[in-house]
Amino acid sequence: MSELKNDFINNVTHEFKTPISTIAFAVANIENEQTIRQPEHILQFTKVIRDENKRLNSQVERVLQTALSESKALQLKKEPVNLHAVLNTVADAFEMKIEGRGVIHRKLNAARAEINGDEFHLTNAVSNLIDNAVKYAGDTLDITLSTESSEAGLVIRVADKGIGIGKEHLPLIFDKFYRVPQGNIHNVKGFGLGLSYVKEVVEKHNGRVQASSKPGQGSIFSMFLPF
């Protein structure tokens, strides 16, 4: 129990440092003399700060919700949400962080992208999937964010060309606290809560999430959200 507690604290600290460092990077850029003369750039950086602050808040909430009660239900505040706008916001923030190290392709081809949902939790769910793609990219940080729609709903896919996941682990990766215990994945920090949170958010929207992967070739995570 002591080892689990210490590992959890170390992982929490690491996860909090990511948005904090991004905010610090944005502030440093705002304070740059060249940026000060370009108001449009300042607005871009303040947007990143605002988005990362929301993400940090969500991480705190996830830890608190888990600590307070295993049975506490996730509460949604549903309203019309344009998921293309959500995806672009999240992708903008990640592109800043991975600049020079990789690319995020956007193929937002869904004819209809608005659903009735909780923008805060949907944003965090997408952020978790992209964050995993970045963490497990290996030597190739190449991510594709795509959408398609049907009469029933919208599908969001986050595909990467990273280290992949063995088929024996795929049925378990959405379980709370489960982390793939092999290879480089074991060395990547995390709560073991991210994918279980994604699953809960999607299911609360009456949708479903699934993953496919091949070791050494990458992974594809798909979220279906009904209209």
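**Salt bridges and a helix**

Modeller: At 29% relative accessibility, Arg106 counts as partly exposed, a class that lies between buried (under 20% relative accessible area) and exposed (over 50%), with a 1.4 Å probe and protein chains only. This is a predicted model, in which local features need pLDDT of at least 70, side-chain atom pairs count only at pLDDT 80 or more, and totals for chains, interfaces and linings use all residues. Residues are numbered from 1 along each chain as its sequence is written, and side-chain values use heavy atoms, with hydrogens and water left out.

Biologist: Which residue forms a salt bridge with Arg106, the closest N and O atoms being 2.7 Å apart?

Modeller: A salt bridge is a side-chain nitrogen of Lys or Arg within 4 Å of a carboxyl oxygen of Asp or Glu. The pair links strand β2 (residues 103-108), which holds Arg106, to a residue of helix α4, 14 residues apart. The partner at 2.7 Å is Asp92.

Biologist: Which residues do salt bridges that share partners join into one network?

Modeller: Glu95 also forms a salt bridge with Arg106, at 2.8 Å between the closest N and O atoms. Because Glu95 lies in helix α4 and Arg106 in strand β2, this pair ties together parts eleven residues apart in sequence. The network consists of Asp92, Glu95 and Arg106.

Biologist: Is Glu52 buried or exposed?

Modeller: The side chain of Glu52 meets that of Lys97 in a salt bridge (3.7 Å, N to O). Lys97 is in helix α4 (residues 83-97) and Glu52 in helix α3 (residues 39-68). With 3% relative accessibility, Glu52 counts as buried.

Terms used: Helix = DSSP H or I, 4+ residues; strand = E, 2+ residues; numbered from the N terminus.
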